Amino acid sequence: MKILVINAGSSSLKYQLIDMDTEKWIAKGNCERIGQEDGIFSHKTFDDRKLNKKVEMKNHTDAFQMVTAALTDSQAGVIKNLKEVSAIGHRVAQGGSIFHKSVRVTEKVLKDIESLIPLAPLHNGPELDGIRACQEVFGLDIPQCVVFDTSFHATMPPKAYMYAIPYEYYEKYKIRRYGFHGTSHRYVSKHCAHLMNQPLEDLKMITCHIGNGSSIAAIRSGKVIDTTMGLTPLDGFMMGTRSGSLDPSIVTFLMEKENLSPSEMNDILNKKSGMYGICGHSDDRDVTLAEADGDPRASLTHEMLTYQIAKYIGSYITALGGLDCLVFTAGLGENQAYLRRDVCAYLKYMGIKLDSRLNETTKGGKEGKISSEDSSVPVWIISTNEELIIARDTKQIVEQFQYASTEDKTVVDLEDI
């Protein structure tokens with residue numbers, strides 16, 4: 001079975017074609033700057049054949065046509081025709097309180113995703129456009145499924161997901177903590193338990209997905225009990241351009257002083273804050289170079305980031321009642337040795353120690369334990385694989401759907417994936 005995994009953004013569309021017999025990708029690529037004249041299309045196969053084009057893609061339908069053409073291309077293709085694609089899996093950011101599991105696409109599911117756009121306007125809208133464009137290009141006969149970033153966090157208890165604002169706003173607008181990066185946290189938690197040769201149900205685990213967007217999850221027995229992102233991906237600790245948590249009065253104070261609209265304030269917090277707001281760089285590689293050149297604000301950025309991460313880890317150890325393993329994943333988590341070193345330095349009081357050599361050399365796709373032999377808690381680097389989680393969910397839904405007779409059965413029990 002070959003499954004196409006789609007991650008659509010407002011002006012981008014990333015894809016992977018995965019052979020589920022081996023669970024290895026056989027082609028992947030990216031459509032960038034959709035809706036602009038200077039669009040970029042890139043495609044790569046498992047055996048390093050490539051296509052790179054500058055091409056205008058007016059909308060997501062055009063982008064999908066580029067994808068299908070590349071997959072079947074005589075020089076860089078990996079399938080003879082689209083009938084070899086058994087199913088398509090989509091990533092959707094916000095499932096709200098409606099979707100706690102991955103589901104097969106139906107018109108009702110699409111309407112429900114549309115109803116959640118107010119909770120994630122920058123994500124659900126473009127992702128919905130991607131699904132409809134995919135239907136237009138591939139047709140309605142090929143099964144499509146959606147996997148939600150929020151669903152893995154649905155196990156949080158009310159004491160963790162409720163905000164201390166008037167309860168009526170939760171009832172009217174569903175304002176609560178939802179969490180994101182769920183597919184990543186789900187993959188690395190289960191994979192780490194496998195590497196430790198221990199049942200996931202026996203472990204208290206903290207997983208740190210740290211990239212341009214970042215979140216941390218506290219996981220007990222395979223279930224999330226708390227996570228840093230909230231109603232939106234803006235919550236938590238500082239990120240590339242996102243502020244993370246802050247005193248809410250800062251928002252109203254700045255809006256009054258700078259005469260800002262809600263939209264302008266939202267733009268500042270999401271696109272002009274975080275690492276970028278402190279030192280002018282949103283890519284940590286640039287921050288690292290600036291720090292090496294003696295930029296004090298770049299140093300401050302790193303100090304703030306590692307301090308904030310360590311504080312969340314400490315609080316989650318308390319929430320879990322202990323810790324059996326600590327996991328770092330995603331771009332910074334997997335590749336920036338300074339970050340793991342400085343975060344874990346705050347945790348020395350509880351006996352967490354890193355092996356400096358392993359911490360420096362385990363990067364670039366490598367994974368494994370980086371803590372010292374006498375560390376009280378093992379520390380791991382796990383390469384996340386969100387696309388594989390989406391493909392696995394899609395495969396199981398498609399295989400089980402043949403036994404379903406109603407739309408109600410499009411929701412599949414995915415506890416064992």
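**Note on rings, charges and strands in the model**

1. Tyr161, Tyr167 and Tyr170 form one aromatic cluster. The model is a predicted one. Tyr161 also takes part in a contact with a charge: the charged end of Arg176 sits over its ring, 3.7 Å from the centre. A second case of this kind involves Trp25. Lys28 lies over the face of Trp25, at 4.4 Å from the ring centre.

2. How many aromatic pairs are there? The count comes to nine. One of them is Tyr15 with Phe41, a stacked pair with 6.4 Å between centres and 10° between planes. Tyr15 belongs to strand β2 and Phe41 to strand β4, so the pair ties together parts 26 residues apart in sequence.

3. Tyr307 and Tyr346 make a tilted pair, with centres 5.8 Å apart and planes at 55°. This pair links distant parts of the chain, 39 residues apart. Tyr307 is in helix α11 (residues 296-320), while Tyr346 is in the loop between α13 (337-345) and α14 (356-361). Tyr307 is partly exposed at 41% relative accessibility. Tyr346 is partly exposed, also at 41%.

4. Strand β1 (residues 2-8) has five of its seven residues buried, so it is largely enclosed by the rest of the structure. Which strands pair with β1? Strand β6 (residues 85-92) pairs with it in the parallel sense over five bridges. Val5 has Gly89 of β6 as its bridge partner. Strand β2 (residues 12-19) runs antiparallel to β1, and seven bridges join the two. Here Leu4 stands opposite Leu17.

5. Salt bridges number 18 in the whole structure. Among them is Glu127 with Arg91, at 3.4 Å between the closest N and O atoms. The partners come from distant parts of the chain, 36 residues apart: Glu127 in helix α3 (residues 124-138), Arg91 in strand β6. Glu127 is buried, at 2% relative accessible area. Arg91 has 18% and counts as buried, because the cut-off is under 20%.

6. Asp235 and Arg177 meet through their side chains in another salt bridge, 3.1 Å from N to O. Asp235 is in the loop between β11 and α7 (248-258), and Arg177 in the loop between α5 (167-173) and α6 (182-196), so the pair ties together parts 58 residues apart in sequence. Asp235 counts as buried at 16% relative accessibility. Arg177 is buried at 14%.

7. Where does Asp48 lie? Asp48 is in the loop between β4 (40-45) and β5 (50-54). Its phi is positive, about 70°, although Asp48 is not a glycine. Asp48 is partly exposed, with a relative accessible area of 45%. Lys44 forms a salt bridge with Asp48, and the closest N and O atoms are 3.9 Å apart. Lys44 is partly exposed at 34%. Lys50 joins in as well: Lys44, Asp48 and Lys50 are linked in a network of salt bridges.

8. Ser221 is another residue with a positive phi that is not a glycine; the value is near 55°. Ser221 is placed in the loop between β10 (214-220) and β11 (223-227). At 31% relative accessibility, Ser221 counts as partly exposed.

How values were computed:
Residues are numbered from 1 along each chain as its sequence is written. This is a predicted model: local features need pLDDT of at least 70, side-chain atom pairs count only at pLDDT 80 or more; totals for chains, interfaces and linings use all residues. Side-chain values use heavy atoms; hydrogens and water are left out. Helices (H or I, at least four residues) and strands (E, at least two) are DSSP runs, numbered from the N terminus. Buried means under 20% relative accessible area, exposed over 50%, partly exposed in between (1.4 Å probe, protein chains only). Two strands pair if DSSP finds at least two bridges between them. Rings of Phe, Tyr and Trp (its six-membered ring) pair if their centres lie within 6.5 Å; planes under 30 degrees apart count as stacked, over 60 as edge-to-face and the rest as tilted. A charge sits over a ring if NZ of Lys or CZ of Arg is within 6 Å of the ring centre and within 35 degrees of the ring normal. A salt bridge is a side-chain nitrogen of Lys or Arg within 4 Å of a carboxyl oxygen of Asp or Glu.
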